[in-house]
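Please work through the following exercises with the sequence and the structure at hand. Each task is followed by a solution in steps.

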Amino acid sequence: MYAYALKRLLAVVPVLCGLTVIVFAIMALIPGDPATAILGSYATPENVEKLNRQLGTDKPLVQQYLIWLGNLLQGDLGRSYSLNRPVLDEVLERFSATLILAGAALVLCTIWGLLIGIWTAARQYGWTDKILTFAVLIGISVPSFWLGLLLILLFSVKLRWLPASGMFAIYGGGDLADLLAHLVLPALTLSIVATGVIARLTRSAMLEVLRLDFIRTARAKGVSETGVLYRHAFKAALVTIIPVIGVQAGFVLGGAVYIETVFQWPGVGRMLVQAISTRDLLLVQGGVIVVAASYVLFNLLADLAQSWLDPRVET
Amino acid sequence: MVTLRLILRNRLAAFGAFVLLAVAVISLLAPLLPIADPDLTAPANRLKLPFSEGALLGTDHLGRDLLSRLIWGTRLSLFVGIAAAVIAAVIGSAIGIVAGFYGGRTDGVIMRGIDMLMAFPYILLALAIVAVLGPGLLNALYAVAAVNIPFFARNIRGVTVSIAHREFVDAAKLAGMNGPRIIVSEILPNVLPVIVITMSTTIGWMILETAGLSFLGLGSQPPQADLGSMLGEGRKLLITAPHASIVPGLMIFAIVMSVNLLGDGIRDALDPRLRSGALSRPAAATLVERSDIPERQAGDALLDVQSLQTDFQVGKRTYKAVGGVSFHVKPGECLGIIGESGSGKSVTALSLAGLVASPPGVITGGAVRMGGEDTLSMTGDELRHIRGKRIAYIFQDPLTTLHPLYRVGDQLSEAIRCHRPVSRQDAWEHAVSLLEQVRIPNAASRAKAYPHELSGGMRQRVGIALALINEPEIIVADEPTTALDVTVQAQVLALLDDLRRERNLALLFITHDFGVVAQLCDRVAVMYAGRVVETGPTADVLANPFHPYTRRLIDCVPELGGGRRILSAIPGLPPAVDDLPAGCAFAPRCDKVSDACTASQVALIPSGARAVRCVAPEGRP
């Protein structure tokens, strides 16, 4: 178990390296003079020259990458020109907001996805199954940014139950209850698609497992139907479901871009969209690296959870 | 064609196809339709509600006709989505085919890169690309296409690998064709259908993603409008004019939903398991549909099975796996049921406690009496209480029949706790003592092992312990030694024989091996095509088989030290049980067949302790 965890932990290093290469390569693709691209067309020639020297664009690409990577490892992601503060500070501040939103959505989609999946598998071809399966299909087809708008219309504009934007109330908010009230709609919206995906997969994984020989053994022992479903079938199905939950973490982190824009949640996603409009490429780069790295870690967690569940993984 | 019909038979998929077709036709015909200019502003008519005069869907904040904008926007979104799908499919498939076909280091390097790209959250990569290229619909299209390349590459590589070593590819190589030519002439035609299907199922995604980028203001720029940017503009007026955002969103939703419905239809049509209904969830107990229940017979039998019938209903076909089987087992007795695979012996065994998977299995007749009670009349809960407690099973391959994720000790403890209210601790100790009784060395530590950590013989001992743990009256052993090595097989059989004598257990032993029957069983019933064809005390049947099939089965057993002997396999195959012949089912393979055999049903005729189903029995009846 520990040996596997260590092995898996070490395997993350090349992935993170590859990730930096890709981000660096994309940024190196910028047509024309990178300093002009970063500073925008209104930059003074002195500033362009100064930045070019800072970026070391006159050196070979490999050397540029190594210098850039060295800075990255020291926590230096450059300085955001539009905000005039270090990129890392801004990104980390925003990322904590994204983590709250994405974390809540991930918890929601995991719980609901698994429950719906088990229910529909247990009542295959019954009414519950038909209705929920169709609801799930709607869930994975609905554009999340549109759903967010509909929820705002219903719960914030019409019913006035929940706030429509931001993370805290501007006046008098700031406590946990305030945060939760602001979190409900965006987290729900963000979780819908992933709930659908997990529910579908859980249903098919359960049906797949329920046909296996060891389920018959459990029944032959006299295990109750609930026991067969949850203790035997679900545990075995989880082995295939967990990696997918890991992948969904990526979709949730990515989908946060839309949801944060719709609900004006002060996270990395909204920051990225703003940074793209202002052509603040260093900020984009920093945001992408931090979110992508966190996705890699989510997947690592999923892998570890799976190895903890399935003793056969190590061998 | 069959596939197409299957897709269209699926009503939801057909509906999806219809919606998509309608949307596509309308947006293609947009220039010809009598609708307003989508960019014509009319400030006087701004923010009209839907169904108002002259604007079916209302107008936006500049007074532009929303219906017209919707149609033109859909046209643009469809175009962008399809274009992105085609680009991603072409580049991704090319990469996948090259990696899959050449394999080795090429494959390794390419797939490493693909894995790296997949380590990114999908949308984030698209954002990074748009950030570099700058906002714009074309750039959004490139970005969405680019982030989907890894998906295609990986899928198509998988398909290519499975084709790259088929005969026709090898033949082309031998004929001296070079790599690129083989790819074009042999690989591509075979991979193309998969590419097209993958593409059609991802178009929905692509439309959604490009719309998303436009919604964020990074895709189409005004005055050009796709569905996403319409939604983005509508959002700014969300409170005053909700229809401006509801309408375009609904269209995206309808398109994506239709693509998904159609995609599901395609997937179901292509997955043969769904067609046969094999993915159905087996019910807790086999379905029983009997018209009448046979009268209870007198006698001291512990288990009395009367004309049991079990069918498999697959589609319109009915396979009569068990066609009226009767036998009984007395306390402490061992009855062997022997037959080839497909003879219905295992289904018979599983039917006793309602363990045949249903669907497709249905018990259509007969009775199974355990100490006078008919198990086929029991409710699911009643059945659960006798399973493992009064009738226990040992299955064939313990690697697949034990739960892979639980320690064997836990699996044994669970069996105890299903029937008796004991503490975890006591159950575990009892489990360990059972493992000792089935002669597993170091039982206390082995109890903590997972099934895959044990050898085949040890696993089957666990299987036996599992059956014994609640001290049942009868154990049904369904080919318990078939998956084991010969030496291990002998040990397990000896163990089983000892245990049954020590505990005076009744044993129903299912096998295809007369050697095993001879070693273990008091009586034997020979099954063929779902029926018992001969039954009697083992020694008598072995010495003097009545049925030609029994004799042939006995001849199949090699005798140890019996010198060289031709092993006589039985020519031919057992008949398909969905289409049984009128007379004796063995007639087509029998060397003594006469007209009387095929004329009508042959009855099981008793003679003393024995019985045979044959018009011209052999031996000395």
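The exercises below concern a predicted model and proceed from the folds of the chains to a single residue.

**Exercise 1. State how confident the predictor is in the model and in chain B.**

Step 1. For the model, the scores are ipTM 0.87 and pTM 0.87.
Step 2. For chain B, the mean pLDDT is 85, and 95% of the residues reach 70 or more.
Step 3. A caution applies to reading such a model: where pLDDT is low, the predicted coordinates should not be read in detail.

**Exercise 2. Describe the secondary structure and the overall extent of chain A.**

Step 1. Chain A contains 12 helices and 2 strands.
Step 2. Along the sequence these elements follow the pattern α-α-α-α-β-β-α-α-α-α-α-α-α-α.
Step 3. Along the principal axes, the C-alpha atoms of chain A fill a box of roughly 80 × 55 × 35 Å.
Step 4. Chain A has 315 residues, of which 46% count as buried.
Step 5. Taking the contacts in chain A between residues at least 6 apart in sequence, 70% join residues at least 24 apart.

**Exercise 3. Which elements of chain B touch chain A, and which of them gives the largest share?**

Step 1. The contact between the chains takes 62 residues from chain B and 64 residues from chain A.
Step 2. Elements of chain B that give two or more residues to it include helix H4 (104-118), helix H5 (122-133), helix H8 (179-215), helix H9 (227-235) and helix H10 (243-270). Helix H13 (380-386), helix H14 (398-401) and H15 of chain B also belong to this list.
Step 3. The largest share of the chain B side, 9 residues, comes from H5(B).
Step 4. The chain B side divides into 43 nonpolar, 13 polar and 6 charged residues.

**Exercise 4. Characterise the packing of H15(B) against H16(B).**

Step 1. Helix H15 (residues 408-419) and helix H16 (residues 424-437) of chain B pack at an angle of about 115°, and their axes are 8 Å apart.
Step 2. The crossing of H15(B) with H16(B) is right-handed.
Step 3. From H15(B), the residues Gly409(B), Leu412(B), Ser413(B), Ile416(B) and Arg417(B) take part; among those they meet in H16(B) are Trp428(B), His430(B) and Leu434(B).
Step 4. The residues of this contact divide into 7 nonpolar, 3 polar and 2 charged.

**Exercise 5. Is His403(B) buried or exposed? Locate this residue and name its contacts.**

Step 1. His403(B) lies in the loop between H14 and H15 of chain B.
Step 2. A residue is buried if 20 or more other C-beta atoms lie within 10 Å of its own.
Step 3. His403(B) counts as buried because it has 23 C-beta neighbours inside 10 Å.
Step 4. Leaving aside neighbours within four places in sequence, His403(B) is in contact with Phe214(A), His232(A) and Gln411(B).

Technical notes:
Residues numbered from 1 in each chain as written. Chains lettered and ligands numbered in written order. Predicted model: local features only at pLDDT ≥ 70, side-chain atom pairs only at ≥ 80, totals over all residues. Helix = DSSP H or I, 4+ residues; strand = E, 2+ residues; numbered from the N terminus. Buried ≥ 20, exposed ≤ 12 C-beta atoms within 10 Å, placed from the backbone. Contact = placed C-beta atoms within 7 Å. pLDDT = per-residue confidence, 0-100. Axes fitted to C-alpha atoms, helices over the stretch in contact; angles between N-to-C directions. Left-handed = near helix turned anticlockwise from the far one by under 90°. Nonpolar A, V, L, I, M, F, W, Y, C, P; charged D, E, K, R; others polar.
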